[in-house]
Amino acid sequence: MRASDWCGRGARRAVGALLLAMISVTGCAAGGAAASADGGPSAALLPAAAAYVDAVAARDLDALVAAFAVDGVVVDVQRRIVGRDAIREWAAREVIGGGLPVDGVVELSPRVQRVRVHWAPAGSAGWAADYTFTVEGREIVEADLQYAR
């Protein structure tokens, strides 16, 4: 065995051990959001925000709509979409089929959470965005979706 072979394997083992230690100490996986028990990206999110993110990942239109209050609002940059029926139409047309990895939780309070995501509509490489969820209980009352600043 050459020394360079051992160093390569040793370095890979050290990096792997370091990553495992970081995850176990901080509870964070790559991307900055805490990993859930099943490794999902939404464990650090409020339950209603997690329901939205998980529904996009699962391409589940019904679950996405159910994450909102009956009179819930989506502010998609400058457009206001109000009520579950309008949210269903918007999400079917513009959201379901896209990717929404969570890059990190920017702000967390009992009712408001700002999340940095990488929104990638179907067929697009996507871009960074800031999603601010205002919730009551387990429902989103407003989701304000803006380009990252």
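Is Arg 116 buried, exposed or partly exposed? Arg 116 counts as partly exposed, with a relative accessibility of 27%, on a scale where buried means under 20% relative accessible area, exposed over 50%, and partly exposed in between (1.4 Å probe, protein chains only). The structure is a predicted model, in which local features need pLDDT of at least 70 and side-chain atom pairs count only at pLDDT 80 or more, while totals for chains, interfaces and linings use all residues. Residues are numbered from 1 along each chain as its sequence is written, and side-chain values use heavy atoms, with hydrogens and water left out.

A look at confidence comes first. The average pLDDT (the predictor's confidence in each residue, from 0 to 100) is 78 for the chain, and 71% of the residues score at least 70. Over residues 1–40 the pLDDT is below 50, and this stretch has 26 contacts in the model beyond near neighbours in sequence; a contact here means heavy atoms within 4.5 Å.

The chain holds four helices and six strands, taken as DSSP runs numbered from the N terminus (helices: H or I, at least four residues; strands: E, at least two). Along the sequence they follow the pattern α-α-α-β-β-α-β-β-β-β. Of the 149 residues in the chain, 35% are buried. Among contacts with a separation of 6 or more, 40% are between residues 24 or more positions apart.

In general terms, nonpolar side chains tend to be buried together in soluble globular proteins.

With neighbours within four places in sequence left aside, the contacts of Tyr 52 include Leu 64, Ala 67, Trp 90, Tyr 131, Phe 133 and Ile 140. Ala 67 sits in the loop between H3 and S1 and is buried, at 3% relative accessibility. Beyond four places in sequence, Ala 67 is in contact with Ala 48, Ala 51, Tyr 52, Arg 138, Glu 139 and Ile 140. The C-alpha atoms of Ala 67 and Val 135 are 9.7 Å apart, although 68 residues separate the two in sequence.

Helix H4 has two contrasting sides. Its buried residues are Ile 87, Trp 90 and Ala 91. These cover an arc of only 95° around the axis, which puts them on the same side of H4; the arc is that of the directions from the helix axis to the C-beta atoms. Asp 85, Glu 89 and Arg 93 are exposed on the other side of H4. The buried residues of H4 pack against H2, H3, S1, strand S2 (79–82) and S6.

Among the strands, S3 (residues 102–108) and S4 pair in the antiparallel sense over five bridges, pairing being assigned if DSSP finds at least two bridges between two strands. The two strands form a hairpin with three residues between them, and Val 105 has Val 115 in S4 as its bridge partner.

Charged pairs complete the picture. Eight salt bridges are found in the whole structure, each a side-chain nitrogen of Lys or Arg within 4 Å of a carboxyl oxygen of Asp or Glu. In one of them, the closest N and O atoms of Arg 88 and Asp 62 are 2.9 Å apart. Arg 88 belongs to helix H4 (residues 84–94) and Asp 62 to helix H3 (residues 61–66), so this pair ties together parts 26 residues apart in sequence. Another salt bridge joins Glu 139 and Arg 84 (3.1 Å, N to O). Because Glu 139 lies in strand S6 (residues 139–147) and Arg 84 in helix H4, the pair links parts 55 residues apart in sequence. Both are partly exposed, Glu 139 with a relative accessible area of 32% and Arg 84 with 26%.

Arg 116 returns here as the partner of Asp 130 in a salt bridge, with the closest N and O atoms 2.5 Å apart. Arg 116 lies in strand S4 (residues 112–119) and Asp 130 in strand S5 (residues 127–136), so the pair ties together parts 14 residues apart in sequence. Asp 130 is buried, with a relative accessible area of 11%. Salt bridges that share partners also join Asp 76, Arg 79, Arg 93 and Glu 94 into one network.
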